[in-house]
Amino acid sequence: MPILSYEQYMPEELGKGKVASYHDHRADTEAAGAPIDWGVAVQRKADDPEHIVTYDGTGKFIGVAIANIYAETRLPDISQGVDGHYEQYDVVPVLRRNCFR
């Protein structure tokens, strides 16, 4: 029997930097070398390849920084909304591949 109501089996994936698909995906973690917004392309930092920064076209594209819910804990009042970025040295999940079948 096919699944007809995906919302019964998974959370709704809408919003800045979220994977908008129920398909499997591969995300690896990297350390931020500077503040990085959710949903932007990233590359290795030229002078420090252990860290990633927002893609500016000078380096090799390695993936897309996807959202993580822990940023909500940085707000004094959750009603302010999540600003959607990582701070320097945060662990950033980087979407490497989305597996459409």
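Q: What percentage of the contacts in the protein chain with a separation of 6 or more is accounted for by residues 24 or more positions apart?
A: The model is predicted: local features need pLDDT of at least 70, side-chain atom pairs count only at pLDDT 80 or more, and totals for chains, interfaces and linings use all residues. Residues are numbered from 1 along each chain as its sequence is written, and side-chain values use heavy atoms, with hydrogens and water left out. A contact means heavy atoms within 4.5 Å. Among contacts with a separation of 6 or more, the share from residues 24 or more positions apart is 53%.

Q: Which pattern does the protein chain follow along the sequence?
A: Helices (H or I, at least four residues) and strands (E, at least two) are DSSP runs, numbered from the N terminus. The protein chain has 0 helices and 7 strands. Read along the sequence, the pattern is β-β-β-β-β-β-β.

Q: What percentage of the residues of the protein chain counts as buried?
A: Buried means under 20% relative accessible area, exposed over 50%, and partly exposed in between (1.4 Å probe, protein chains only). The protein chain has 101 residues, and the buried share is 28%.

Q: How many salt bridges are found in a search of the whole structure?
A: A salt bridge is a side-chain nitrogen of Lys or Arg within 4 Å of a carboxyl oxygen of Asp or Glu. One of them joins Asp 28 and Arg 96. The search of the whole structure gives 3.

Q: How many residues apart are Asp 28 and Arg 96?
A: Their side chains meet in a salt bridge at 3.1 Å, N to O. Asp 28 lies in strand β1 (residues 24-32) and Arg 96 in strand β7 (residues 91-99), so the pair links distant parts of the chain, with a separation of 68 residues.

Q: Is Glu 30 buried or exposed?
A: The side chain of Glu 30 meets that of Arg 44 in a salt bridge at 3.0 Å, N to O. This pair links strand β1, which holds Glu 30, to strand β3 (residues 41-45), which holds Arg 44, 14 residues apart. Arg 44 has 33% relative accessibility and is partly exposed. At 13% relative accessibility, Glu 30 counts as buried.

Q: Which residues are linked in a network of salt bridges?
A: Glu 30 and Arg 96 also meet through their side chains in a salt bridge (2.6 Å, N to O). That pair, 66 residues apart, links strand β1 with strand β7. Arg 96 is partly exposed at 29% relative accessibility. The network of salt bridges consists of Asp 28, Glu 30, Arg 44 and Arg 96.
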